[in-house]
Amino acid sequence: EATRDAITDSVYRRQKHPFPSPPATLHPEDDLHQLLQDTLRGPVADAMPFVDSGRLRSYLDEVAKMDDFGDQIMADQVLTAILCLAILHERFGMESV
């Protein structure tokens with residue numbers, strides 16, 4: 001516990017908070033939103049064997065209509081994770097088997 005010795009007791013015991021990615025679905029004018037939409041509605045999503053791209057596109061449409069901020073944030077986290085998987089899938093040239 002050498003690291004523990006370098007941290008004050010108040011910092012060590014306080015509640016920890018996550019460090020999520022910026023919300024991509026809340027700001028349609030941002031580049032991250034466009035990347036998410038283009039990627040998850042494009043051929044990369046169709047090529048991922050573990051994603052139902054039709055349902056994904058429907059979900060993207062649903063999220064765009066959500067009124068509840070909390071629901072949008074939760075949806076955003078899921079969509080951002082799928083976006084990361086899509087980028088990895090495309091970058092590493094993974095093919096379905």
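Residues L32, L35, L36, T39 and L40 of helix α3 meet L79, T80, I82, L83, A86 and I87 of helix α6, contact being defined as heavy atoms within 4.5 Å. Of the residues in this contact of α3 with α6, nine are nonpolar, two are polar and none is charged; Ala, Val, Leu, Ile, Met, Phe, Trp, Tyr, Cys and Pro are counted as nonpolar, Asp, Glu, Lys and Arg as charged, and the others, Gly among them, as polar. The structure is a predicted model, in which local features need pLDDT of at least 70 and side-chain atom pairs count only at pLDDT 80 or more, whereas totals for chains, interfaces and linings use all residues. Residues are numbered from 1 along each chain as its sequence is written, and side-chain values use heavy atoms, with hydrogens and water left out.

Helix α3 spans residues 31-40 and helix α6 spans residues 69-91; the two pack at an angle of about 65°, and their axes are 10 Å apart. Helices are DSSP runs (H or I, at least four residues) numbered from the N terminus. Axes are lines fitted to C-alpha atoms, for helices over the stretch in contact, with angles running from 0 to 180 degrees between N-to-C directions. The crossing of α3 past α6 is left-handed, that is, the near helix is turned anticlockwise from the far one by less than a right angle.

Within α3, the buried residues are H33, L36, Q37, T39 and L40, where buried means under 20% relative accessible area, exposed over 50%, and partly exposed in between (1.4 Å probe, protein chains only). The cover over these buried residues includes α4, α5 and α6. T39 has a relative accessibility of 12% and therefore counts as buried. Beyond its neighbours within four places in sequence, T39 is in contact with V44, A45, L83 and A86. H33, also a residue of α3, is classed as buried because its relative accessibility is 13%. Residues up to four places away in sequence being excluded, H33 touches A24, T25, H27 and P28. The side chain of H33 also reaches the backbone oxygen of A24 at 2.9 Å.

Side chains of opposite charge can pair when their charged atoms come close. Three salt bridges are counted in the model, each requiring a side-chain nitrogen of Lys or Arg within 4 Å of a carboxyl oxygen of Asp or Glu. One of them joins the side chains of D9 and R13, with an N to O distance of 3.0 Å. Both residues belong to helix α2 (residues 9-13), where D9 and R13 are four residues apart, about one turn of the helix. D9 is partly exposed at 40% relative accessibility, while R13 is exposed, its relative accessible area being 61%.

A further salt bridge connects D61 with R41, whose closest N and O atoms are 2.7 Å apart. This pair links distant parts of the chain, 20 residues apart, with D61 in helix α5 (residues 53-65) and R41 in the loop between α3 and α4 (43-47). D61 is partly exposed at 36% relative accessibility, and R41 is likewise partly exposed, with a relative accessible area of 32%. R57 and D46 also meet through their side chains in a salt bridge (2.9 Å, N to O). Here too distant parts of the chain are linked, R57 lying in helix α5 and D46 in helix α4, eleven residues apart. D46 is partly exposed, with a relative accessible area of 47%.

Notes
A polar contact is a pair of N or O atoms within 3.5 Å; within protein, one must be able to donate a hydrogen and the other to accept it, and residues adjacent in sequence count only if both atoms are side-chain atoms.
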